[in-house]
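Visitor: I am new to protein structures. Please walk me through this one.

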Amino acid sequence: LQEPQESYWYSETPLGHNTLNKTVASLCKAAGIGGLKTNHSLRATIATRLYQAGVDEQLVMDRTGHRSVDGIRSYKRTSESQREDISNILNSNESKKICTFSLEATI
């Protein structure tokens with residue numbers, strides 16, 4: 001966006017690959033973010049954060065522009081808070097209860 005509007009933070013106007021990469025690089029530099037950051041870095045970050053927030057895969061695909069579920073599944077990353085939640089579940093008294101059941105064969 002040459003002249004961003006204050007009422008919205010994105011635009012559906014197509015940008016060229018080089019323009020987008022230059023824009024991302026200059027924004028990261030201005031924000032003091034080091035390392036190589038590209039438009040793909042943003043796409044990956046968006047997909048990962050949406051997954052970690054529990055957003056449905058179809059909605060992640062819609063937001064990132066992916067055409068297949070397989071294309072976005074590579075961005076699924078487990079967050080530290082998700083690891084903690086899993087650990088708490090596995091270490092809770094509830095998980096230590098032994099579940100018994102019986103199997104009935106039907107002939």
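Visitor: Which residues make up the largest nonpolar core?
Guide: A nonpolar core is a set of buried Ala, Val, Leu, Ile, Met, Phe, Trp, Tyr and Cys residues joined through side-chain atoms within 4.5 Å. Buried means under 20% relative accessible area, exposed over 50%, and partly exposed in between (1.4 Å probe, protein chains only). The seven residues here are Ala44, Ala47, Tyr51, Val60, Met61, Ile72 and Tyr75.

Visitor: Which helix gives the most to this core?
Guide: Helices are DSSP runs (H or I, at least four residues), numbered from the N terminus. Helix H2 (39-52) and helix H3 (57-64) each supply at least two core residues. The top giver, with three residues, is H2.

Visitor: How far can I trust the model?
Guide: This is a predicted model, where local features need pLDDT of at least 70, side-chain atom pairs count only at pLDDT 80 or more, and totals for chains, interfaces and linings use all residues. Residues are numbered from 1 along each chain as its sequence is written, and side-chain values use heavy atoms, with hydrogens and water left out.

Visitor: What is Tyr51 in contact with, leaving aside its neighbours within four places in sequence?
Guide: Contact means heavy atoms within 4.5 Å. Tyr51 is one of the core residues. Its contacts are Glu57, Val60, Ile72, Arg73, Tyr75 and Lys76.

Visitor: How many salt bridges are there?
Guide: A salt bridge is a side-chain nitrogen of Lys or Arg within 4 Å of a carboxyl oxygen of Asp or Glu. By this rule, the count is four.

Visitor: What is the N to O distance between Arg73 and Glu57?
Guide: Their side chains meet in a salt bridge. Arg73 sits in helix H4 (residues 69-73) and Glu57 in helix H3, 16 residues apart. The N to O distance is 3.0 Å.

Visitor: Is Glu57 buried or exposed?
Guide: Glu57 also forms a salt bridge with Lys76, at 3.1 Å between the closest N and O atoms. Lys76 is in the loop between H4 and helix H5 (80-91), so this pair ties together parts 19 residues apart in sequence. Lys76 is partly exposed at 43%. Glu57, at 18% relative accessibility, counts as buried.

Visitor: Which residues are linked in a network of salt bridges?
Guide: Asp70 forms a salt bridge with Arg73, with the closest N and O atoms 3.9 Å apart. These two are three residues apart in helix H4, so about one helical turn separates them. The linked residues are Glu57, Asp70, Arg73 and Lys76.
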